[in-house]
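Trainee: I have a new structure to look at and would like to talk it through. Can you put it up?

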Amino acid sequence: MTKNFNILLKIIKYSFKLRCPECGIGKLYEKGFRMYSHCQECGLKYEREQGYFIGVMYINYGATVLLIFPGYFFLSLFTIIPNMLNIGLWCLMSGVFPTFFYRYSKSLWLNIDYTIDH
Ligand SMILES: [Zn+2]
């Protein structure tokens, strides 16, 4: 139990720091959305095969849904915000959030896959 919890903490820590899943030191991104092909510290190849990062969309979509739907219902139930404004706000967020979260989704995907398949 403690071992699994530590593995989960490692995944979260390395993912949200955008670090290499092997060493935890090397950065995943050069600048903006441009990713290094290999870890600058340990040499781990990030994109293991063509299409490897397709699974990122599942994480990004899931995180967006987990934010948008509860957010809409929370504002709907606990504020007096007009419904059309509430819908508009969350439509806007459904475009902004995945863009912001994309790098973290990619990092989560890489760290989870590396941990499971290594
Ligand atoms: Zn590394």
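Predicted model: local features only at pLDDT ≥ 70, side-chain atom pairs only at ≥ 80, totals over all residues.

Trainee: OK. Where is Leu 18 found?

Mentor: Leu 18 sits in the loop between α1 and β1.

Trainee: Buried or exposed, that Leu 18?

Mentor: Leu 18 has 10% relative accessibility, so it counts as buried. The cut-off for buried is under 20% relative accessible area. The phi of Leu 18 is also worth a look: near 55°, a positive value in a residue other than glycine. For context, most residues other than glycine have a negative phi.

Trainee: Switching to the metal. Which residues coordinate the zinc ion?

Mentor: Cys 20, Cys 23, Cys 39 and Cys 42 do, each through SG, at 2.2 to 2.3 Å. The angles among the four donor atoms run from 107 to 119°, and the site is tetrahedral.

Trainee: What spacing do the donors follow along the chain?

Mentor: The donors of the zinc ion are spaced C-x2-C-x15-C-x2-C. Cys 20 is in the loop between α1 (2–16) and β1 (29–31), and Cys 39 is in the loop between β2 (34–35) and α2, so this pair ties together parts that lie 19 residues apart in sequence.

Trainee: And are Cys 20 and Cys 39 buried or exposed?

Mentor: Cys 20 and Cys 39 are both buried.

Trainee: Now the helices. At what angle do the axes of α2 and α3 cross?

Mentor: Roughly 150°, with the axes of α2 (residues 56–78) and α3 (residues 83–116) coming within 7 Å. The two helices are therefore roughly antiparallel to each other. Angles over 145 degrees count that way. As for handedness, α2 passes α3 in a right-handed crossing.

Trainee: How do the residues of that contact divide?

Mentor: The contact of α2 with α3 has 18 nonpolar residues, eight polar and one charged.

Trainee: Last one. Where is Tyr 114 placed?

Mentor: Tyr 114 is in helix α3. Its relative accessible area is 10%, so Tyr 114 is buried.

Trainee: How far apart are Tyr 114 and Phe 73 in space?

Mentor: They are 36 Å apart, C-alpha to C-alpha, and 41 residues apart in sequence.

Notes. Residues numbered from 1 in each chain as written. Heavy atoms only, no water. Axes fitted to C-alpha atoms, helices over the stretch in contact; angles between N-to-C directions. Helix = DSSP H or I, 4+ residues; strand = E, 2+ residues; numbered from the N terminus. Parallel < 35°, antiparallel > 145°, perpendicular 65-115°, else oblique. Left-handed = near helix turned anticlockwise from the far one by under 90°. Nonpolar A, V, L, I, M, F, W, Y, C, P; charged D, E, K, R; others polar. Donors = N, O, S within 2.8 Å, 3.2 Å for Na, K, Ca; no water. Tetrahedral: all angles 85-135°; square planar, octahedral: opposite > 155°, others 65-115°. Buried < 20%, exposed > 50% of the residue type's maximum accessible area, 1.4 Å probe, protein only.
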